[in-house]
Amino acid sequence: MHLKIWSLWLLLAYLGLAAPVKSLVLDTLTFKERTARGTWIVKHFSPQCKHCRSFQPKWEQVLAGNSLDVSFGEINCLENEALCDSHKVTSWPTVVVFQDGQQQPHALVGDETVEALQSFISRATRKFAENSVVLNSQNYTQYAHRGVWLVKHYSPFCPHCRRMAPHWKRLADELADKFAEDGIWFGEVNCIENGKLCEDNLVDGYPTVNLFVDGRFIEEMLIKYEYPVMKEYMLKLPQRVRSGELAAKKDEPVVANDNRDWDDMANDAVDVAKPVTSKAVVEAPSPNAIVETVSKPADPAPANAAAAAAAASEPEEQYNVDGQVVVLTKENFAEKTATGPWFVEFYAPWCPHCQHLAPEWERLGAAARGKINIGKVDCDEAGQLCSGQNVQGFPTLKLIWEGQSLVYKGPRELENMHSFAQGMLAQPRVIKEAEQMQQMRHDNDVVFMFHGDSNGDAVKRISTNVRKMFMAGQLGIVADAKVAKELAGDSYKKPMLAVFKDGRSVVYGGSLASDDAIREWLYAERFPLLPEFTRENADSLFYDSDFLVLGVLPTDAGRSSLDASRETVRSAAVEYQKYLDKSAQHPEQSSKVRFAWIDGPKWSSYVERVFQIPQSEWPSVVIVQSSEDQFYTLDISGRKIEMSKLGIFMAVRAAVDGKLKPQSTKSILVRGAKVIGHMAAAIWAFFFGSILSTLVTIAGIALLAYIVKRTRGAENRNGFNLVKAD
């Protein structure tokens, strides 16, 4: 009797009738049509396979309790061998997922438990099947620009990363299904393979776990990377999401990268040209207003009356005569942008911020009629072009003129975008009265003046360079010797190029026939004595100085307190400049020192992590020596640098003279490798003192430095490259 029942069951299974109603029998003829739409969970089996028979009641149990919007099917591989082979099924039972007819890269193989099957189906129906999604430079923007992402950045060579890995996997496996309901995802980035992405994501050591919401950096998970500690942090995320806390949380400044839509952020770096800091920048209440224009429009008047008459007889060149946005493609981009100024939007059709900007951009086209060309590039259609333009987020707005470009990072509103374009394209002003130059100095922290032959090569060379640096609106050209003498005082000479800033003037002493010398001087003088430290000027401040004196100021303590602290740092800078002026004849005073102030609350994570200065100690001063990857927060007596003009001044002098005890931003690994490298070089040179050996030594040290750079976060998470500071 039992044998008959068993035989009947096998027959029913063979015919596909033993499966529940929800599990559709599929074969070679029906499979493609049936699975062409939606998500299908398909079991591949053999009726003769004992593991398949054991798995069958579990399959039925899961299907009976299923409430997901998926379809279930099953294929008898004895009858449809070719079909199963095409699905790369090599053993039974095997459950495979198909999405809109396409096989997905995950399968459940063997006689698994009910729980394993349920988990597999849950993952298959999630937006991302992996519990911890593997992210890279190609998919980051597509995946991480929506939702809440907890992203682990690691190096496969880092021992701390390897120790952390099982804790991370365990948590991702436990929480991924639950978190998916709240739009929270786990992700991980291999920083050896995606170095630029990790750099842009504020990664200064391995491992680093950062929290992002809709592509915006929210915070770093600064806790022990151990299972119970991380789990406590993670379990609070769903409630933080539901309460709106993360949506309202302010960003710390971040860099341009390929993982964010640039919404409500001043994040991307300046491309080629560097903006000049103005009062509007330093004191702007909005962090989005990165680049402001001078308050007065540029005077388009020629340098002398003869030139004015000639210009009046010729029609002025017109741009954007139709007031329309021009569609730029990979075929016409180079030709179109070769002439005239262009303000170009690089966008993706699927990007919501781009969609929101679209009507404003069309209005800008009309507003800029006759003044500047307005264009747009669809980066889905012209990916290589956008990559060549260093587009790493959408939308990216770039001003392009004469082979130079400048990224706009301000509010995406018509008035702001229009003002930016007009200001950056302003022409040098012709100064006929001293009051005109005084007004320019009032409107800008830094103003340049040229006095000389208005038709000579020097004025053309200077005008070309300031235009290429998008600083032409801050150059005044003075033809009248009387006016020039009134402005320059005892420094007067003809010809002369000078800069006015911080209540004093500096005269250019190089050759007016050298483009490189002029450009280098303009670049060095573009900052005031005490600029605000921002992401846009961070690299420049570090590169242009041997020592950078940073005043860490609590901007949330009130305007009067901020002004007082800023004035303290400024007065120390003035005092040090006076000291340098008196010591100019001494060649030993060769170290270049710059001063700046940094918005403490905006950069709190960076300041506390890198310089170990807690908020309770603000305002504070830190002296950074980036070339040596070290900094100073203590004076010569070992106490915190006093926040006073004298205290800062004396600390700077002591730092320059090598009398302060430095703190290193490098890890033990990096410092050790550096010492070993020097020792190896010395030994090699001693025994094999030849040109060839010297070259080999240099190459070896370079290789060692490269390896250390790629792995230096492993030993100490406080190590970082100051020049690429977050």
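In which handedness of crossing does H23 pass H25? The crossing of H23 past H25 is right-handed; a crossing is right-handed if the near helix is turned clockwise from the far one by less than a right angle, and left-handed if anticlockwise. The legends below describe a predicted model, in which local features need pLDDT of at least 70 and side-chain atom pairs count only at pLDDT 80 or more, while totals for chains, interfaces and linings use all residues. Residues are numbered from 1 along each chain as its sequence is written, and side-chain values use heavy atoms, with hydrogens and water left out.

**View 1. The chain as a whole.** The chain has 27 helices and 25 strands; these are DSSP runs numbered from the N terminus, with at least four residues for helices (H or I) and at least two for strands (E). Of the 726 residues, 50% are buried (buried means under 20% relative accessible area, exposed over 50%, partly exposed in between, with a 1.4 Å probe and protein chains only). Among contacts between residues at least 6 apart in sequence, 74% join residues at least 24 apart; contact means heavy atoms within 4.5 Å.

**View 2. Packing of helices H23 and H25.** Two packed helices are described by the angle between their axes and the distance between the axes. For H23 (residues 559–582) and H25 (residues 645–656), the angle is about 50 degrees and the axes are 8 Å apart. Axes are lines fitted to C-alpha atoms, for helices over the stretch in contact, and angles run from 0 to 180 degrees between N-to-C directions. H23 and H25 are therefore oblique to each other (under 35 degrees counts as roughly parallel, over 145 as roughly antiparallel, 65 to 115 as roughly perpendicular and the rest as oblique). Thr568, Val569, Ser571, Ala572, Glu575, Tyr576 and Tyr579 of H23 meet Lys645, Ile648, Phe649, Val652, Arg653 and Val656 of H25. By class, this contact of H23 with H25 has 8 nonpolar, 2 polar and 3 charged residues; Ala, Val, Leu, Ile, Met, Phe, Trp, Tyr, Cys and Pro count as nonpolar, Asp, Glu, Lys and Arg as charged, and the others, Gly among them, as polar.

**View 3. The disulfides.** A disulfide is taken as a pair of cysteine sulfur atoms within 2.5 Å, and by this rule the count comes to 3. With bonded cysteines counted along the chain, the pattern is 1-2, 3-4, 5-6. The sulfur atoms of Cys77 and Cys84 are 2.1 Å apart, and with -85 degrees about the S-S bond this link is left-handed. Cys191 is joined to Cys198, S to S 2.0 Å, in a left-handed link with -90 degrees about the S-S bond. In the disulfide of Cys379 and Cys386 the sulfur atoms lie 2.1 Å apart; the torsion about that S-S bond is about -90 degrees, so the disulfide is left-handed.

View 4. Cys49 is buried, at 11% relative accessible area. Cys354 is also buried, at 3% relative accessibility.

**View 5. Surroundings of Leu78.** Leu78 lies in the loop between strand E3 (71–76) and helix H4 (81–86). The relative accessible area of Leu78 is 39%, so this residue is partly exposed. Leaving aside residues up to four places away in sequence, Leu78 touches Phe45, Ser46, Pro47, Gln48 and Trp92. His44 is 34 residues from Leu78 along the chain, and their C-alpha atoms are separated by 9.8 Å.
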